[in-house]
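This report covers a few side chains and a surface patch. Please keep the sequence and the model at hand while reading.

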Amino acid sequence: MNPVEQAIVWLNDPLNWTVPGGILDRLGEHLAISAVAVALGCLVAWPIGLWLGHTGRGGGVVVVISNVTLAIPTIALLTILPLTFLGFGRPPVIIALAVFAVPPLLANAYTGVREVDPETRDAARGMGLSGGQLLRWVELPLALPYLAAGFRTAAVQVVATAALASFVNGGGLGQIISAGFGLGIASGGGQILAGGVLVAVLALLVELVLALVERLVTPRPLRRTRVRGRADRRADAAVAGS
């Protein structure tokens with residue numbers, strides 16, 4: 001059988017789903033690792049991005065932090081961190097993935113607050129709101145669609161990249177792929193392909209679910225505004241290219 005046929009047979013074997021260390025166990029590990037990493041990224045990135053956006057300063061800092069974290073390969077962190085006090089297992093994986101999640105979370109938090117209409121800010125200040133109240137009651141609710149968009153991007157990236165956890169015995173669906181390589185391409189090619197398909201399908205499902213959540217938290221007038229904005233950008237790009 002070719003690898004595609006092997007993958008179909010492997011995925012249709014109930015034991016591969018229910019056996020300890022099988023698909024269901026690895027799926028649970030994968031989701032747990034991804035959820036903790038994204039949550040840690042939110043705890044770091046959102047407060048910084050919201051505060052910098054509120055003060056109107058530090059736009060360059062946001063760009064620098066985003067570029068630096070993007071420039072660090074996740075596989076490099078997964079190679080270095082296990083050699084520290086963290087050791088092998090999940091902790092280095094979670095930290096490496098959290099670093100990977102920071103850029104979209106930080107950038108969208110900052111942009112969301114900066115996109116608030118200045119007249120809305122002035123009206124809130126005229127009502128006697130302090131800086132903290134302005135951030136909590138006005139800017140944060142209006143920035144929620146941007147926070148959701150950043151969360152969606154970060155979550156999909158982390159879920160897709162979490163397969164690398166198998167390099168440091170961190171669990172997840174990547175263990176299925178690693179086990180397939182251990183068997184050799186001839187015997188384990190189907191398992192390798194099946195593992196890759198599982199990771200891809202999971203990432204697509206996360207994308208679809210979070211896209212729906214993003215739409216739900218975006219007020220209807222803002223949805224139309226953002227759609228028009230995307231259409232205008234595409235039109236400008238078409239004109240520039242002609």
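Is phenylalanine 151 buried, partly exposed or exposed? In this predicted model, phenylalanine 151 is partly exposed, with a relative accessible area of 28%.

**Aromatic pair**

A search of the whole structure finds 1 aromatic pair. The partners are tryptophan 46 and phenylalanine 151, which are tilted, with 6.3 Å centre to centre and 40° between the planes. Tryptophan 46 belongs to helix α3 (residues 23-55) and phenylalanine 151 to helix α8 (residues 131-161), so the pair ties together parts that are 105 residues apart in sequence.

**Nonpolar patch**

Val4, Ile8, Leu193, Val197, Val201, Leu205 and Leu208 make a nonpolar surface patch of about 590 Å². Helices α1 (3-11) and α10 (185-217) each supply at least two residues of this patch. The most comes from α10, with 5 residues. One of the patch residues, leucine 193, is placed in helix α10 and is partly exposed.

Neighbours within four places in sequence aside, glutamine 191 is in contact with Trp10, Ile176, Ala179, Gly180 and Leu183.

The accessibility values are listed below.

| Residue | Relative accessible area | Class |
|---|---|---|
| Leucine 193 | 34% | partly exposed |

Key
Residues are numbered from 1 along each chain as its sequence is written. This is a predicted model: local features need pLDDT of at least 70, side-chain atom pairs count only at pLDDT 80 or more; totals for chains, interfaces and linings use all residues. Side-chain values use heavy atoms; hydrogens and water are left out. Patches are made of residues with over 30% relative accessible area and no salt bridge: like charges are joined within 9 Å, nonpolar side chains (Val, Leu, Ile, Met, Phe, Trp, Tyr) within 5 Å. Accessible areas come from the Shrake-Rupley method with a 1.4 Å probe; for residues, only the protein chains shown count as cover. A salt bridge is a side-chain nitrogen of Lys or Arg within 4 Å of a carboxyl oxygen of Asp or Glu. Helices (H or I, at least four residues) and strands (E, at least two) are DSSP runs, numbered from the N terminus. Buried means under 20% relative accessible area, exposed over 50%, partly exposed in between (1.4 Å probe, protein chains only). Contact means heavy atoms within 4.5 Å. Rings of Phe, Tyr and Trp (its six-membered ring) pair if their centres lie within 6.5 Å; planes under 30 degrees apart count as stacked, over 60 as edge-to-face and the rest as tilted.
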